[in-house]
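Please look at the sequence and the structure shown here, and keep both in view while reading the report below.

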Amino acid sequence: MSRFETIPSVAQGLGDVGYVADEGIAGVVFLADRLEKPVLVEGPAGTGKTQLAKSVAELTGSRLIRLQCYEGLDESKALYEWNYRKQLLRIQAEQVAEAGGAAAGTDWHALEADIFSEQFLLTRPLLEAIRADEPVVLLVDEVDRVELETEALLLEVLSEYQVSIPELGTVRATQVPMVFLTSNNTRELSEALKRRCLYLHLDYPTLEREREIVRAKVPDITGELADQVARIVRSLRSLELRKAPSVSETLDWARTLVVLGVESIDAAGARDTLHVLLKYQSDIERAARELLAAHA
Ligand SMILES: Nc1ncnc2c1ncn2[C@@H]1O[C@H](COP(=O)(O)OP(=O)(O)O)[C@@H](O)[C@H]1O
Ligand SMILES: [Mg+2]
């Protein structure tokens with residue numbers, strides 16, 4: 001059963017939940033559903049990669065299950081682990097019962113089967129997503145942060161939608177979840193992983209789309225100010241800065257101006273609040289110089 005009727009209906013639906021999508025984004029989301037493939041969303045920080053997965057979850061009424069990746073993330077935090085403490089308690093209870101004469105010798109086979117059963121399993125996000133009965137969107141966020149070996153772990157899950165647990169058997173998804181992987185491109189991902197995914201590059205939005213994002217996320221802003229904000233941010237991105245302002249910073253800046261009661265902003269006026277947009281002193285100085293030059 002497919003989640004979406006048409007590509008425009010995806011764009012429309014995302015818009016309704018506050019995510020401004022262009023046709024490219026909507027098209028990939030549409031295909032991901034139809035082809036039952038994960039989406040690898042890659043691009044600079046703050047361009048709406050994580051938000052896309054969240055918004056698709058909201059749009060489809062799905063539970064969002066998030067695996068936040070970091071260096072050192074392993075199987076026990078991504079897939080599952082056994083609850084050792086609970087297993088130990090179970091074994092101790094058995095021994096106490098035996099010492100008290102209640103049990104006639106420990107049946108180790110039965111005990112083993114018991115402590116490696118569901119109730120001693122701690123499920124982590126990937127297994128959680130596979131086992132879910134309800135509709136799910138799985139977000140594997142910032143996948144470029146994990147080591148190559150951990151990335152390999154993802155492959156079985158993403159290609160077969162199943163997880164093998166030696167003591168329990170293979171857990172298969174009853175329904176294919178929508179999966180989004182995001183990457184800030186701090187390292188190359190494996191070919192094997194890329195092959196399994198649809199690819200979506202999210203760059204800084206066009207002027208029109210950024211203006212729309214500002215209007216969607218900062219409802220109190222006037223159309224005129226939203227336009228000025230989008231234009232100035234765009235011109236700043238063309239400078240050679242250490243860290244170009246992202247959509248997050250555009251939104252922070254737009255909110256700042258609204259809070260300060262600013263109704264209209266030009267390049268010269270922008271200089272007082274540059275610290276909201278730029279996070280390096282050298283960038284702020286450079287931008288101030290350039291804005292001044294543009295103004296003169
Ligand atoms: N197309 C968009 N529509 C609505 N909000 C957006 C869009 N793109 C980015 N944003 C907003 O920008 C901010 C940063 O987005 P986020 O998804 O966290 O970036 P990333 O994961 O790419 O670093 C969020 O507040 C998000 O809501
Ligand atoms: Mg993110």
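This is a predicted model: local features need pLDDT of at least 70, side-chain atom pairs count only at pLDDT 80 or more; totals for chains, interfaces and linings use all residues.

Residues are numbered from 1 along each chain as its sequence is written, and side-chain values use heavy atoms, with hydrogens and water left out.

Around ligand 1 there are 16 residues, of which Val20, Gly46, Lys49, Thr50 and Gln51 come nearest (a residue is near if one of its heavy atoms lies within 4 Å).

| Residue atom | Ligand 1 atom | Distance |
|---|---|---|
| Val20, backbone N or O | nitrogen | 2.8 Å |
| Gly46, backbone N or O | oxygen | 2.6 Å |
| Thr50, polar side-chain atom | oxygen | 2.8 Å |

The protein covers 83% of the 560 Å² of accessible area that ligand 1 has on its own (Shrake-Rupley method, 1.4 Å probe). The shell around ligand 1 draws at least three residues from each of domain 1 (7–72 + 129–201) and domain 3 (207–289), with bounds from an automatic or database domain assignment.

Terms used: Chains are lettered from A and ligands numbered from 1 in the order in which they are written. A polar contact is a pair of N or O atoms within 3.5 Å; within protein, one must be able to donate a hydrogen and the other to accept it, and residues adjacent in sequence count only if both atoms are side-chain atoms.
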